[in-house]
Amino acid sequence: MNARIRPDGQRDGLESAPLPDGSAPAYVVAVRALCEFTARQGDLDLRFSPSPSAQEGQAGHVLIAKRRGPGYETEIVLAGAYRELLVRGRADGYDPVANRLEEFKTYRGRLEAVPANRRALHWAQAKMYGHLLCAARGLSNLDVALVYLDIATERETVLSEAYAAADLASFFREQCEHFLAWALAERAHRQARDAALSGLRFPYEQFRPGQRELAVAVYRAARDGRALMVQAPTGIGKTLGTLFPALKACAGDGLDKVFFLAAKTSGRALALGAIDALRSAAGSLPVRALELVARDKACENPGRACHGDDCPLARGFYDRLPAARAEAVAVGGTWDRAGVRRLGLAHGVCPYFLAQELVRWSDVVVGDYNYYYDGSGLLYALTAMCGWRVAVLVDEAHNLIERARGMYSASLDQAALKAARAAAPGALRRPLGALERRWSAWNRLHSASYQSLPAVPAGWLAALQQATAAVTDYLAEMPVGMDPAVQRFYFDALHFTRLAEQFGDHSLFDVRLVHAREGRPASSTFSLRNVVPAPFLAVRHAAARATVLFSGTLGPPDFYRDMLGLPGHAGWLEVGSPFRSEQLSVRIAAHVSTRFHDRERSIPLIGSLITEQYATRPGNYLVFASSFDYLRRLSDGLRAQAGDLPVWEQTPEMDEGGREEFLARFVEGGRGVGFAVLGGAFSEGVDLPGSRLIGVFIATLGLPQVNEVNEKMRAVMEARFGRGFEYTYLYPGLRKVVQAAGRVIRTEQDEGMVMLIDDRYRRQDIRRLLPTWWRVGGVAGPSRECAGTREPRPGG
């Protein structure tokens with residue numbers, strides 16, 4: 001339910017609370033939450049209308065209150081009962097002289113642009129507070145007012161209605177009655193859910209090796225409200241091993257919801273499958289599981305705008321939502337993408353936004369990382385607003401570093417500004433032109449093709465803020481008809497300015513300059529690059545009751561703890577492998593260097609290694625290279641040495657169909673060699689058990705390429721952690737190596753080989769980063785250390 005934190009620190013919603021007369025326990029709900037359930041009506045309308053920020057809204061409330069008389073009351077705590085329901089909230093203001101209760105709302109632009117469904121919600125909230133105030137103070141009548149404040153002009157518009165206390169009481173009863181049946185049904189669901197989960201048993205006769213240890217650690221983390229990092233290999237059943245104990249903790253510790261976050265569609269599918277397995281084993285399990293998918297994958301009418309004038313599934317959305325919601329909870333079970341789509345279309349509502357509404361009524365939500373960790377993540381926003389106690393399970397958590405960096409990075413290209421200015425209406429050309437002139441002036445003062453600066457240029461940033469403010473004001477007056485080029489630049493600029501306000505030593509600001517040539521003026525791209533996402537993610541971790549991050553490669557733990565913003569006391573568990581070291585033969589080809597300047601000499605050596613292994617044991621093999629160029633040269637070299645050996649390659653332009661065709665070559669009993677790029681589509685998340693894949697050659701140390709950006713990132717890492725090389729190059733590189741090697745042994749019956757091709761694999765500091773269950777042998781080549789292996793070379 002839509003539980004909220006009360007001033008005394010207790011949650012509203014599912015727990016019991018006595019009514020004012022001490023009678024039967026009540027379902028506790030906030031006024032806002034109740035009205036959002038009962039009073040929304042009409043169309044879904046997502047036409048862009050610039051809205052005040054949270055800070056501007058708070059400042060607006062303070063401004064309105066300061067304008068009132070000395071006896072004016074603000075933030076009035078109110079509560080009232082209706083049958084088993086207890087309704088609570090804070091009224092914005094009350095003028096005892098005028099006997100007027102006021103609800104404050106801030107906006108930008110034209111007041112008539114505020115959608116009708118929002119106005120209906122505002123009036124409902126105000127009237128609910130009006131009744132609570134009349135009941136608390138024995139008032140026979142009351143003026144109820146909505147006070148709309150234009151943030152830009154600070155002008156107030158007051159809409160006031162006079163009500164008899166009896167009419168307000170009648171309205172209060174109607175809303176409560178509408179909500180109460182649903183609330184009591186939700187409370188019954190919660191009680192049944194917790195009872196079932198308290199007796200839930202593991203769905204199989206026994207745990208896999210290491211799975212029980214994992215489940216116990218996750219349960220304790222959820223029970224004790226801790227963060228936990230888990231490194232556990234493929235094959236132990238990490239998905240079920242985390243979901244099962246987290247659900248058990250829902251009953252024992254009163255968790256409201258479990259969020260299972262995955263980097264890929266396959267991860268979501270595994271989570272939904274694990275829930276179905278639990279449901280099947282239990283016979284009946286009253287747990288509602290919801291899958292969230294990206295908007296572009298769920299949209300039924302691509303190209304149409306999300307409002308009732310353009311999309312039929314937005315028209316009357318809130319009028320038809322109650323029936324769709326009621327059917328969803330009546331059916332229960334798993335609301336996957338297909339199920340939500342069927343339900344939405346049956347009721348004529350948008351499936352994507354129906355899924356977002358169903359988050360409030362779900363017990364488990366399965367979705368992408370961005371739903372919780374992005375700056376505008378839906379799950380995080382609802383958790384903060386509703387005061388939910390949640391357990392967040394992060395699958396394949398090693399991916400979260402790069403994904404979070406992308407969430408908190410931004411770039412603006414001068415060419416995009418020029419396109420926006422050319423397409424802009426006349427009113428916007430002046431502010432956009434001022435920004436373009438400031439940008440060009442900066443270009444004339446600099447000659448370096450790439451440079452990193454300690455801060456965003458103040459004059460340029462001021463011009464950018466003025467330009468976005470002008471577009472904001474324009475859209476407030478003219479909310480439709482904006483050219484796509486202007487709109488794209490505007491949204492990118494808003495994102496950039498928000499990150500610029502949070503710029504710190506966790507990020508880089510850099511500029512790439514393309515010099516003037518052939519009559520074309522110089523042009524540049526300004527970028528804010530997040531390097532260490534920890535400061536942004538730490539807030540998300542703190543909002544969760546428990547966070548569990550798990551992966552087959554999550555070490556060394558200090559690296560991930562520092563990068564992902566986990567508290568210093570976060571737990572660490574390394575689960576032993578279920579595989580025997582005898583299953584995997586790991587050898588090092590130490591006589592080969594794959595450094596950039598040694599690659600030409602390496603090609604025939606690597607070709608010989610592959611042909612010798614293939615002659616010893618024919619079958620399917622994968623060769624991982626550091627780049628597409630090196631991949632092509634290696635595959636050409638192998639063809640020249642063994643022309644009859646089947647060879648196929650990953651290509652830069654390969655689409656989803658091409659990837660499927662590539663993997664289809666790996667059949668049981670097949671023979672041939674596939675070439676792929678390390679860190680690409682085939683390095684992880686690919687399952688080729690049995691004889692579909694019997695060996696992997698990794699012709700690189702995996703180190704990221706040395707370039708200006710990576711070297712600046714290295715400087716940031718060195719300044720923050722004193723381990724710039726390790727954090728920028730070594731740990732990310734070895735993670736990709738271990739992930740790629742993990743494609744070989746997928747079950748306890750598999751047997752295969754991994755050959756690590758590079759002389760640097762002999763070094764003990766690198767060997768210590770390899771999985772402990774590997775038995776590395778067969779080191780070939782000279783025994784001495786090669787000079788200069790401490791630092792990476794171009795191309796890794």
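Analyst: Please note at the outset that this is a predicted model. We may begin with a single strand, then turn to sheets and to a helix pair.

User: How many of the residues of strand β25 are buried?

Analyst: The general idea is to compare each residue with the burial cut-off, under 20% relative accessible area. In strand β25 (residues 752-757), six of the six residues are buried, so the strand is largely enclosed by the rest of the structure. G752, V754 and L756 point one way, while M753, M755 and I757 point the other way, and all are buried.

User: What is the strand order in the open sheet of eight strands?

Analyst: The order is β11-β10-β12-β9-β13-β18-β8-β19, with parallel pairing. Its edge strands, β11 (334-335) and β19 (571-574), each pair on one side only. Within this sheet, strand β13 (residues 390-394) and strand β18 (residues 546-551) run parallel and are joined by four bridges. The bridge partner of V392 in β18 is T547.

User: Why is one side of each of β14 and β15 left without a neighbour in the sheet?

Analyst: One looks at the position of each strand in the order. These strands belong to an open sheet of four strands, β14-β17-β16-β15, with antiparallel pairing. Because β14 (410-413) and β15 (450-453) stand at the edges, each has a single partner strand, and one side of each is without a neighbour in the sheet. The twist averages 15° from one strand to the next. Four bridges join β15 to strand β16 (residues 507-514), the two running antiparallel, and Q451 has V511 as its bridge partner in β16.

User: At what angle do the axes of helices α1 and α3 cross, and which residues make the contact?

Analyst: A helix pair is read from its axes, then from its contact residues. The axes of helix α1 (residues 31-38) and helix α3 (residues 116-137) come within 9 Å and cross at roughly 130°; the helices are therefore oblique to each other. Their crossing is right-handed. V31, R32, L34, C35 and E36 of α1 meet L121, A124, Q125, M128, Y129 and L132 of α3. These contact residues divide into eight nonpolar, one polar and two charged.

Methods. Residues numbered from 1 in each chain as written. Predicted model: local features only at pLDDT ≥ 70, side-chain atom pairs only at ≥ 80, totals over all residues. Heavy atoms only, no water. Buried < 20%, exposed > 50% of the residue type's maximum accessible area, 1.4 Å probe, protein only. Axes fitted to C-alpha atoms, helices over the stretch in contact; angles between N-to-C directions. Parallel < 35°, antiparallel > 145°, perpendicular 65-115°, else oblique. Left-handed = near helix turned anticlockwise from the far one by under 90°. Contact = heavy atoms within 4.5 Å. Nonpolar A, V, L, I, M, F, W, Y, C, P; charged D, E, K, R; others polar. Pairing = 2+ DSSP bridges.
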